[in-house]
Amino acid sequence: MGRIYYFDDSGSRVPREGAPFFVLGGFGIDMDDVPELKERVQKAAERYGFKLEHPSELKFQHVGTLKDNGKHPHWMIRAGLTDRNQRRALVYSCLREAMSIQSVSALCVAVNTERLRDGESAIGSALIPLLERVEFNCQRMNTQGLVVMDEERRDDKALRQGLRDGSPYFKFARVLDTIAFMPSEESPGVQVADLVAGAFSRYLNSGDAGYLRTFLRAVDGYPEWVRGRGLKVLHRADRVRLPEHREAPWGETDRLVHDYEMDALGVSAENRWSGNGSPTHQFEFEG
């Protein structure tokens, strides 16, 4: 039994004030579990009235934008999700469902674009460390893996060359074939990878830990070796700190998002919150 590794990118590939980190990230999953992945994510989306079938797709950037046009349709808005907190809850729920599958391992590499040297690309710099983590993950699972990424019209040849060249330390012996590029609307796995990459980018660039908390336990190396194994940051002087557990009372946004998740699950509105401002229902898999 082999594994499939789905990856996508998030963030600007060139320096952007206040948001310097570019992320290439996603997850690995046993091939036998891919049908379960699709089913879980589709059911989670349907609880919000979001029918996840071609050409509609999940996109992390749709949480914070209202732009909708023929060339770039906003599928969440078209499904009636006009409240940003409801769209955030949708992403939380899809991440929880996908990343709680036992065989899933999340992997992300971030690059500080402000520290790239002349001629270095953000995605090229992130790729080799990410493939190193794929190789190690396959070794631990004693299997081989296929890498699938959102289609690249600009860098696909360079990325395939990076796979052939291998790491400075070893060849990628357990990565099957070459990188397979697939349109995100055709693959729920690539769509979930977009959410994973967006979650880590949001944490690094904005200090928003909410998305990352939903699947921190699925990050490769959790809990002892998350930093450096599952979550790697290049060109940064200080170490990445993992998000702290939320203390009571929860803030307004967290409360609103949690209520939307409870609504989607059909949990009664009565007694959702304890006297100290923390929820009475905690998600088991949350980091």
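Select His 62 first. Is this residue buried or exposed? In this predicted model, His 62 has a relative accessibility of 6%; the limit for a buried residue is under 20%, so His 62 counts as buried. The residue lies in the loop between helix H1 (34-46) and helix H2 (75-78). Now display what surrounds it. Which residues is His 62 in contact with, leaving aside its neighbours within four places in sequence? They are Pro 73, His 74, Trp 75, Met 76 and Arg 87.

Remain in the loop between H1 and H2 and select Pro 55, which also lies there. A cis peptide bond joins His 54 and Pro 55, with omega at about 10 degrees. Pro 223 has its place in the loop between helix H7 (210-213) and helix H8 (226-229).

Proceed to helix H4, residues 122-141, and select Ser 125, which is found in this helix. Ser 125 counts as buried because its relative accessibility is 17%, and the limit is under 20%. When residues up to four places away in sequence are not counted, Ser 125 touches Val 111, Leu 116, Glu 120 and Leu 234.

The crossing of H4 and H5 is right-handed. To view the contact itself, show the side chains of Ile 123, Leu 127, Ile 128 and Leu 131 in H4; these residues meet Leu 159, Gly 162 and Leu 163 in H5. Of the residues in this contact, six are nonpolar, one is polar and none is charged.

From H4, move on to Asn 142, in the loop between H4 and strand S4 (145-150). Asn 142 is not a glycine, yet it has a positive phi of about 55 degrees. Its relative accessibility is 62%; the limit for an exposed residue is over 50%, so Asn 142 counts as exposed.

Next, select Asn 271, in the segment after helix H9 (252-265). Asn 271 likewise has a positive phi, of about 60 degrees, although it is not a glycine. With a relative accessible area of 65%, Asn 271 is exposed.

Finally, clear the selection and view the whole chain. How many helices and strands does the chain have? There are nine helices and six strands. The radius of gyration is 19 Å, close to the 19 Å that the globule rule gives for 287 residues, so the chain is as compact as a globular protein of that length. Along the principal axes, the C-alpha atoms fill a box of roughly 60 × 40 × 40 Å.

Colouring by accessibility gives another view: 53% of the 287 residues count as buried. The chain exposes about 13800 Å², of which carbon and sulfur atoms supply 45%. Among contacts with a separation of 6 or more, 72% are between residues 24 or more positions apart.

Notes. Residues numbered from 1 in each chain as written. Predicted model: local features only at pLDDT ≥ 70, side-chain atom pairs only at ≥ 80, totals over all residues. Heavy atoms only, no water. Axes fitted to C-alpha atoms, helices over the stretch in contact; angles between N-to-C directions. Helix = DSSP H or I, 4+ residues; strand = E, 2+ residues; numbered from the N terminus. Left-handed = near helix turned anticlockwise from the far one by under 90°. Contact = heavy atoms within 4.5 Å. Nonpolar A, V, L, I, M, F, W, Y, C, P; charged D, E, K, R; others polar. Buried < 20%, exposed > 50% of the residue type's maximum accessible area, 1.4 Å probe, protein only. Rg over C-alpha atoms; globule rule 2.2 N^0.38 Å. Areas by Shrake-Rupley, 256 points an atom, 1.4 Å probe, with all protein chains shown as cover.
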